[in-house]
Amino acid sequence: MRLIISSIFALAFFQVPELTRGEDFGYDGVIGPQHWGERYRECTGKHQSPININVLRVKQVTLPEIVFIGFDDSIDGVHVTNNGHTVLIEVENEPHPRVRGGPLDGDYVFSQMHFHWGDNDTFGSEDKINHRSFPMELHMVFYKEEYRSTSEAVKHPDGLTVLAFFYELDRHEHPAYDDITLALSNVTEPYTSVIMSHPFSFLNILPYDLRRYFTYRGSLTTPPCSEVVIWLDFEQPVRLAHDQIEAFRELKSAHGKITHNFRPIQPIGDRVVFYNIDSNYFSYNEIDDPEEQTTTSRPYRRRKGHNSGHSNQWSLLCCLSALLAIICCL
Ligand SMILES: *[C@@H]1O[C@H](CO)[C@@H](O)[C@H](O)[C@H]1NC(C)=O
Ligand SMILES: *[C@@H]1O[C@H](CO)[C@@H](O)[C@H](O)[C@H]1NC(C)=O
Ligand SMILES: [Zn+2]
């Protein structure tokens, strides 16, 4: 009996650290990205991330507006954790922020966010744009609400969406990042965690323009590399001071400082990258056209701006009513 109990304990003791700490992959040598496929079959798949986005090859689209819910809330009790690979920011209290719209079908609920960086400011992002690297990249991970959890969502091809944001250097510090860098100084050791000292708002750490983004189907960029991610890469970078990026390089894994934690780019294969441009851009231009600016056309233009891409029936209905209005005026 004692033997059984102790072997259960031994099993629990040896398995839990491996599963939760994931010490079986890294970014160099025999546990580096070239070897992930040996243990995780999916890492050799055909629709892997990250990729290089060639701007000349993207397909321009106008998708419905993305709705960011709870992004300007002040969130208390935000956890900052060094998991040995990166720093994770997690939210404890419900309701979590969520997103819908854009290329997404249904609501996606916030799971966690984390960062990828490089040894110095010349590289560190995962996706690249026209082969340009950025010094750091933020991944905000959301799971599809209908799957109820991240662990269930990763079993479905549309299970996750990741909002990716690039960083570029600025001479000035970004004040919204002060609480993050302060927290980093308390989690330099692997597997340590701290609660952020002030309420945290998602919107404060994001760039201003959230309308222009690239989107494509890909994978997790860490093992098990599951091909379950709808990627949204926002075009406008966030600007941070060198010292604010440097603070991330102080974090340690079990093997020393995490000087870099980005996966090299993967073949794009048969995939298409879509580039969303602001849908309102066109409708505002139409409103501004003095020839068109009659009292009857105004509400029609507005409505079109809000629904474009959502439903063709609406545009058809609007077209018909505008036509009717024009005929009436004549
Ligand atoms: C950045 O790191 C790379 C690789 O270690 C090195 O080749 C490059 O010279 C470094 N650049 C700067 C500006 O330090
Ligand atoms: C982390 O450490 C700094 C000192 O370096 C301290 O001022 C701060 O309050 C600590 N806690 C958090 C949650 O940032
Ligand atoms: Zn990531």
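A polar contact is a pair of N or O atoms within 3.5 Å; within protein, one atom must be able to donate a hydrogen and the other to accept it, and residues adjacent in sequence count only if both atoms are side-chain atoms. The model shown is predicted, so that local features need pLDDT of at least 70 and side-chain atom pairs count only at pLDDT 80 or more, whereas totals for chains, interfaces and linings use all residues. Residues are numbered from 1 along each chain as its sequence is written, chains are lettered from A and ligands numbered from 1 in the order in which they are written, and side-chain values use heavy atoms, with hydrogens and water left out.

**View 1. Polar contacts of Asn-52.** The side chain of Asn-52 reaches the backbone nitrogen of Asn-130 at 3.4 Å. Asn-52 belongs to strand S1 (residues 52-53); strands (E, at least two residues) and helices (H or I, at least four) are DSSP runs, numbered from the N terminus. Asn-52 counts as buried because its relative accessibility is 13%, where buried means under 20% relative accessible area, exposed over 50% and partly exposed in between (1.4 Å probe, protein chains only).

**View 2. The zinc ion (ligand 3) and its protein donors.** His-114 (NE2), His-116 (NE2) and His-139 (ND1) are the protein donors, lying 2.0 Å from the zinc ion. Donors are N, O and S atoms within 2.8 Å of the metal (3.2 Å for Na, K and Ca); water is not among the atoms, so sites may look incomplete. Along the chain, the donors follow the spacing H-x1-H-x22-H. His-116 in strand S7 (residues 108-117) and His-139 in strand S9 (residues 136-144) are 23 residues apart and link distant parts of the chain. Both His-116 and His-139 are buried.

**View 3. The largest nonpolar core.** This core has 46 residues, and those with the most contacts inside it are Phe-115, Leu-138, Met-140 and Ile-180. A nonpolar core is a set of buried Ala, Val, Leu, Ile, Met, Phe, Trp, Tyr and Cys residues joined through side-chain atoms within 4.5 Å. Among the elements that each supply at least two residues of this core are S7, S9 and helix H4 (178-184). Another core, of 23 residues, lies apart from it and includes Ile-53 and Phe-214.
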